Amino acid sequence: MLEKKIITQLRKAVGKDAVLTSKEDLNTYSYDGTTTWAHAPEVVVLPTTTEQVSQIMKLADENKIPVTPRGAGTNVSGGSIPIKGGIVLCTTKMNKILDINKTNLTATVEPGVVLQDFNTALAKQGLFYPPDPVSFFGCTLGGNVAENSAGPYCVKYGVTKHYLLGLEVVLANGYTMKLGGVTVKNRTGYELMMLFTGSEGTLGLITKITVRLLPMPPARKTMIAVFDDMEVAGQAVSDIMGSGVVPAKIEFVDNFVIRRVEEMTPMGLPVEANALLILETDGSPAAVEADAQQILDILKKSGAKMPRLAKDDAEAAMFWKARSAGFAAVFGAAHTVMAEDVAVPRDKLAEFIRRLGEISKKSGFFIQLLGHAGDGNLHPTIFTDIRDKEQFAKAQETMAEIFRAAMELGGVLSGEHGIGLEKQRFLKEAMDPVAIDLMKKIKRILDPNNILNPGKIWEEERV
Amino acid sequence: MAKSKQDRYEQIKRFESDLTQCMKCGFCTFFCPVYQEERIEPSVARGKNMMIRGLLAGELDYTKEYAERLNKCTLCMACTANCPAKANIPNVIVAARADTVKARGLKFPYNIIYRWLLPRRTLFGRVVRFASWFQGIFLPRTEGTIRHLSMFLSALGKGRNIPQIAPKFLRQIVPVVNKPPEGVKTTMTVGYFTGCMTDFVLPDLGKHVIDFLNRNGVEVIVPQEQGCCGAPVFLGAGDFDTGRKMADSNVKAFEGLDYIISDCATCTSALKDYPKFLADTPEREEAYTRFASTVFDISQFLVDVLKLPASAYKPSAEAKGKKVTWHDPCHLSRHLGITSQPRQIIKSIPSVEYIEMPNADRCCGMAGTFSLYYYDLSKQIADKKVEAIKSTGADIVASSCPGCEIQLIDSLLRNRVPVKTMHIMELLA
């Protein structure tokens with residue numbers, strides 16, 4: 001338990017209402033989007049200014065209290081779970097959009113701004129911020145930076161790190177540091193901003209974010225293609241990517257998701273299909289027209305059944321909704337849902353899907369599959385029950401096989417979710433030991449007392 | 001005697017599938033009016049649901065803090081409407097409130113109001129009358145046609161602009177049987193569930209509803225034995241025992257009638273919720289289910305059952321030539337799926353211009369007793385609604401829930417926005 005005087009000091013720093021201590025309230029900060037982990041903090045603090053964040057960090061550092069940064073807690077890595085107790089520093093009340101500059105094509109926001117609120121504000125001015133994690137209704141931009149998040153648009157537009165121009169970061173000792181600026185070009189010293197991007201809250205607290213923007217593409221078109229065979233769908237994606245056209249999104253949904261979504265909200269999805277690709281092109285009307293035709297031609301040649309344009313905006317919206325409901329379909333399907341986040345090179349998709357089939361057959365586990373096929377980032381998922389020790393251990397072993405298959409094909413452990421708690425047992429296999437050691441050294445320089453989100457990314461050495 | 005585990009979680013267990021359906025994606029944070037103001041996890045459906053899971057897991061108990069957090073929900077259903085997993089967390093919250101009441105009891109003064117006063121219609125009427133004598137002394141009087149009491153005991157002294165209690169209650173001025181005037185053929189008979197608001201505060205509205213139906217060939221029965229719908233009791237406070245008493249007496253009061261209409265979205269929805277929450281025996285299940293199937297919202301009844309032609313909708317003097325916008329009561333739109341019927345009626349009225357407001361179905365923050373417990377929060381939620389109304393440039397905001405109307409009157413006055421609040425039936429001649 002934290003000493004009473006710490007709570008008193010926290011209350012003094014941020015105000016009484018911004019400090020939560022009841023058992024009930026703490027319970028609601030013990031989880032994220034995963035199903036495997038839960039741990040309650042000892043106190044939740046909700047600052048509204050950078051100065052307050054700095055005060056909290058000073059206090060925590062002096063008293064060596066763990067601090068777990070948290071946005072909306074929509075992450076799926078265990079990253080925002082306060083596994084060591086201590087303080088949850090929640091940024092949801094720091095939610096002001098400070099500036100949108102249409103001429104400079106930049107925006108500066110506080111970390112607790114919700115992505116969908118940001119998108120709404122930008123749309124009013126004809127502007128576009130592409131990184132689009134599927135949790136956009138809940139997730140915060142601070143969380144997006146800390147996890148270096150991405151979503152379907154990444155095929156054409158890249159991930160969060162490709163849009164960052166400047167950050168304000170509060171260090172573990174409470175010092176407030178500015179990195180980068182508002183210019184697109186900036187070659188001043190090391191790219192320290194990238195240290196904090198994807199740091200999963202282990203190196204500092206992000207308190208201000210400046211991103212670059214794009215004009216909203218004037219036209220877009222959605223296409224759908226149905227496949228009897230998942231491998232063929234995977235090959236079709238590779239064919240498209242190699243054909244000189246870059247769609248904005250290519251999403252993959254398997255039969256399990258099609259059926260589950262259709263059960264939850266009947267919308268007329270092709271329930272017999274073994275795979276469904278949902279694609280989008282965007283840009284000028286003429287380019288969109290030409291790209292769409294080219295993509296449909298390739299899909300047809302690749303063996304898709306009746307690839308076609310969405311009839312109208314309503315049908316397009318329906319297919320995209322089905323895709324985003326896929327998350328619910330999967331995560332609500334079992335007591336414990338183990339979702340992989342591997343990414344493989346885009347020309348290895350079909351091969352990867354074939355290997356998943358083999359692993360499934362061998363292990364006896366059904367492997368559910370959906371994801372961002374266009375960037376090779378699929379989410380093979382296993383349904384299990386953590387309460388059944390034997391089965392859970394087998395599920396974990398199967399997960400390891402999936403990850404190793406991805407690695408053999410030149411893939412990575414995590415495409416977009418981050419390591420957090422969920423994937424740390426694989427880190428040693430996925431990263432050069434010298435690189436892991438370097439990360440630990442950087443961590444020690446920036447956070448000598450190991451108070452920032454301790455217990456995440458790498459497994460702790462057992463003493 | 002220690003209660004068995006099953007007993008302690010009796011109602012929650014009935015909604016276990018909703019409880020487990022949530023997969024913590026956090027989408028509800030974007031749509032929850034309470035979370036949008038407070039921005040803390042215990043405000044939102046995901047947090048409340050996890051707290052309830054914590055209770056079942058034995059990590060939490062029926063504490064004051066737990067009860068308080070459960071209480072802070074308007075049951076607007078925006079979470080469920082936008083939930084990718086379609087988890088009905090408001091169901092779980094109502095059930096959890098009921099189990100909490102069992103475990104902790106109701107606290108003064110609500111125990112007096114819910115258990116003793118609301119189920120006794122005549123006595124309740126006398127208390128309301130008594131309170132009305134003092135209302136002018138303690139509270140600012142409101143202008144306009146709508147007058148209100150609200151839950152006077154709590155509202156007193158909070159400075160809210162609340163409408164006045166009527167000098168004569170509806171049931172003191174209309175007979176039980178109201179037949180169509182001579183020359184108009186009676187095509188059907190309906191029971192009129194007046195609700196507390198229309199009865200005590202808006203008798204003119206009630207009279208107008210009866211007149212309108214009579215003129216269109218509908219005989220209207222106003223049973224004297226009907227009481228409060230029970231919404232504040234079983235939905236708000238989680239007092240299912242008292243709720244059952246009220247449900248039983250309402251079912252009995254309307255026995256033999258095939259259609260029951262209500263001009264209050266909350267009442268309509270609460271009456272239809274009897275089987276879901278209150279049916280504890282096969283007999284009640286059957287009686288409540290039948291009863292619920294006969295209940296219709298007034299606009300739904302006019303459009304879907306009576307199928308009135310557009311020509312039946314003529315503007316009242318106050319509505320003639322005005323711009324009108326519509327506020328969807330949560331109990332009408334998300335609870336009952338009634339959104340097109342009221343719009344169709346308003347659009348049919350000659351000389352009235354209909355303007356849709358942004359987020360018309362967003363909760364106004366009233367939510368009955370919620371606004372008494374959390375008046376400041378309720379005001380913050382309402383201010384967003386006021387902005388939306390203002391943006392339309394309408395002269396009148398129409399709705400069909402006296403609860404919402406009170407909130408709209410208070411909020412528009414407080415923000416000095418000169419838009420009049422009216423019940424949809426008051427737009428009609």
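Modeller: The handedness of a helix crossing needs a definition at the outset: a crossing is right-handed if the near helix is turned clockwise from the far one by less than a right angle, and left-handed if it is turned anticlockwise. The model discussed here is a predicted one.

Helix α8(A) spans residues 230-241, and helix α12(A) spans residues 349-363. Their axes lie 7 Å apart, and the packing angle is about 160°. Angles over 145 degrees count as roughly antiparallel, and α8(A) is therefore roughly antiparallel to α12(A). The crossing in which α8(A) passes α12(A) is right-handed. On the side of α8(A), the residues that take part are A:M230, A:E231, A:G234, A:Q235, A:V237 and A:S238. They meet A:L349, A:A350, A:I353 and A:R354 of α12(A). Sorted by class, the residues of this contact comprise five nonpolar, three polar and two charged.

The domain assignment divides chain A into domain 1 (4-90), domain 2 (97-215) and domain 3 (219-408). The centres of domain 1 and domain 2 of chain A, taken over C-alpha atoms, are separated by 22 Å. Domain 1 of chain A gives 15 residues to the contact between these two, and domain 2 of chain A gives 22 residues. On the domain 1 side, α3 (50-63) and β3 (67-70) of chain A each supply at least two residues. The largest share of that side, seven residues, comes from α3(A). By class, the side of domain 1 of chain A that touches domain 2 of chain A holds five nonpolar, eight polar and two charged residues.

Chain A also touches chain B. This contact draws 29 residues from chain A and 25 residues from chain B. On the chain A side, two or more residues are given by α2 (23-27) and by α11 (313-331). Helix α11(A) provides the largest share of that side, five residues. The side of chain A that touches chain B has twelve nonpolar, 13 polar and four charged residues.

For chain B, the domain assignment gives domain 1 (5-104), domain 2 (121-303) and domain 3 (310-427). Domain 2 of chain B places 37 residues in its contact with domain 3 of chain B, which in turn places 31 residues there. Among the elements that each supply at least two residues to the domain 2 side are α18 (265-278) and α20 of chain B. That side divides into 17 nonpolar, 15 polar and five charged residues.

Helix α18(B) packs with α19(B), residues 282-293; the two axes come within 7 Å and cross at roughly 155°. From α18(B), the contact is made by B:L271, B:K272, B:Y274, B:P275 and B:L278. From α19(B), it is made by B:R284, B:E285, B:Y288, B:T289, B:F291 and B:A292. The classes in this contact are seven nonpolar, one polar and three charged.

In α20(B), residues 298-305, the residues B:I298, B:S299, B:Q300, B:F301 and B:L302 are buried. These buried residues pack against α15 (203-215), β4 (260-262), β5 (295-297) and α22 (340-348) of chain B. Just after the helix, B:K307 takes a positive phi of about 50°.

Helices α6(B), residues 45-56, and α9(B), residues 89-104, have axes that come within 10 Å and cross at roughly 45°. That angle makes α6(B) oblique to α9(B), and the crossing is left-handed. The residues B:A45, B:K48, B:N49 and B:I52 of α6(B) meet B:I89, B:V92, B:I93 and B:A96 of α9(B). Six of the residues in this contact are nonpolar, one is polar and one is charged.

B:T74 lies in the loop between α7 (64-71) and α8 (78-81) of chain B. B:T74 counts as buried because 23 other C-beta atoms lie within 10 Å. Residues beyond four places away in sequence that B:T74 touches are B:P33, B:V34, B:C363, B:G365, B:A367 and B:F370. B:P33 is 41 residues from B:T74 in sequence, but their C-alpha atoms are 8.2 Å apart in space.

Notes
Residues numbered from 1 in each chain as written. Chains lettered and ligands numbered in written order. Predicted model: local features only at pLDDT ≥ 70, side-chain atom pairs only at ≥ 80, totals over all residues. Contact = placed C-beta atoms within 7 Å. Helix = DSSP H or I, 4+ residues; strand = E, 2+ residues; numbered from the N terminus. Nonpolar A, V, L, I, M, F, W, Y, C, P; charged D, E, K, R; others polar. Buried ≥ 20, exposed ≤ 12 C-beta atoms within 10 Å, placed from the backbone. Axes fitted to C-alpha atoms, helices over the stretch in contact; angles between N-to-C directions. Parallel < 35°, antiparallel > 145°, perpendicular 65-115°, else oblique. Domains from an automatic or database assignment.
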